[in-house]
Amino acid sequence: MADNQLYDVVIIGGGPIGLACGLHAKQKGLRYVILEKGCLVNSIYNYPANMTFFSTSDRLEIGGVPFVSNNAKPTRAEALEYYRRVAMSNQLHIRLFEKVDAIEDHTQSIDGLENRQYIVRTSKGTYLTSNVVIAIGFYDTPNLMHIPGEDLPKVTHYYSEPHFYAGMKVLVVGANNSSVDAALETYRKGAEVTMVIRDGEIGRRVKYWVKPDIENRIAEGSIKAYFHSNLMEIRETEVDIQTPDGLVTIPNDFVVAATGYQPNFDFLTGSGITLSDDEKRYPSYDPENQESNKPGVYLAGVVCGGMDTHVWFIENSRIHAEKIIEKISADRQS
C-alpha cells in the first residue's frame, strides 16, 4: 500500500518524544504522520507493571498539556493514561503496529534545483516525505551477556511483575533501577533472590527512595548479593557465578538479566546516520536543531545518546521536538 501524500515530516516512533514532535508539527500546520511499530507509547507499555518514574509528572508533560498524578512521582499506569489522552484528544495522525523497515533517499534534481525527498518503507506501505524524525528509543534491543544458556526460556531481559516468581529461586543481574526493582519486588512476593553485580556497590543512579531499601535487604541477608562478580553460565536448574573468591554454583529457577538496552544501531547506519568510532557509538547530529549528518533526517530523544542510554530521557529531551519542528517549519517557509 502506498500513501500518495507528500509529507513535510514522517516521525518514526510513537513514544512521548515522537508524540511531542507530532503535537508541534500539527501546531505549525505541517503535514505529518507518526509511525509506531507497537502500541501507543510502546516502551512505557513494556515497563514493569509497578514502575514509578523518577521524574515528577510536570517534567513528563508534552505539548503544554498538564499531567496530574496522585503522587509527585507518577506510575506507569498514570503515564499510559496521560499519553493516550494527549494523543487522542489532539487527534494526532498515528499509525500503530506499523514497523519502519527502511529510509531511502529519493532526492531529485528539478531544473537544476535539488528537491530533497525520502521514501519511508514500512511493514504496511510506503510514505514520501521531505523530512524524517527518528525517535525510536532503545527499549527493544537488550544488551546481551553472550554467555552459555542465555537463550534458555528461563531467562528474560524484560521484567514485568513479581507474582510469577513467587516461591522460585531468582537470579537478578545488574545493580541499577530495573535490577533493584526486580530484586525487591520478587523478594517481597516470596522469591529467594540472588543478585550478581559487576561493581562493588548498588548503582548511584538508583532512585533515592529505593536505594536504602535494597542496601538494607542485602546487609541483613534477605537478598544475597555477589559484588565484583559476573554470571558465567546458565543451565536448567543452576547457574555459575565468577566471584572474587572463585567460581560459585547455585540452584536457580529463573534469571532476570536487567543488563540494559541499546538503540537499533543497524537501523541508524542503514538510514545513513554516522556513529562515533568508539564504544559509545554516538550518532552524529547538530545539537542546535537535532539534524543528523543526513540532511532532513533528525534525531530525537534517547536515541541521541548512543550507548549512554541514561543521558537522554523524557524530561530533558522534550525540547528536541520543538527544535526540530521549528527548523522544518522555517525551511518550509524559506
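Biologist: Where is the place of Gln 290?

Modeller: Gln 290 sits in the loop between α6 and β19. Helices (H or I, at least four residues) and strands (E, at least two) are DSSP runs, numbered from the N terminus. This is a predicted model: local features need pLDDT of at least 70, side-chain atom pairs count only at pLDDT 80 or more, and totals for chains, interfaces and linings use all residues. Residues are numbered from 1 along each chain as its sequence is written, and side-chain values use heavy atoms, with hydrogens and water left out.

Biologist: Why is Gln 290 called buried?

Modeller: Its relative accessible area is 1%. Buried means under 20%, exposed over 50%, partly exposed in between (1.4 Å probe, protein chains only). So Gln 290 counts as buried.

Biologist: What makes Arg 281 partly exposed?

Modeller: Arg 281 has 32% relative accessibility, so it falls in the partly exposed class. It lies in the loop between α6 (265–270) and β19.

Biologist: What is the phi of Arg 281?

Modeller: It is near 55°, positive in a residue other than glycine. Gln 290 is not a glycine either, and its phi is about 70°. Most residues other than glycine have a negative phi.

Biologist: How do you know that β10 pairs with β19?

Modeller: Two strands pair if DSSP finds at least two bridges between them. Three bridges join β10 (residues 132–134) to β19, so they pair, and they run parallel. Val 133 has Tyr 298 as its bridge partner in β19.

Biologist: What is the strand order in the open sheet?

Modeller: The five strands run β4-β3-β2-β10-β19, with parallel pairing.

Biologist: Why is one side of β19 left without a neighbour in the sheet?

Modeller: β19 (297–299) stands at an edge with a single partner strand, as does β4 (94–95).
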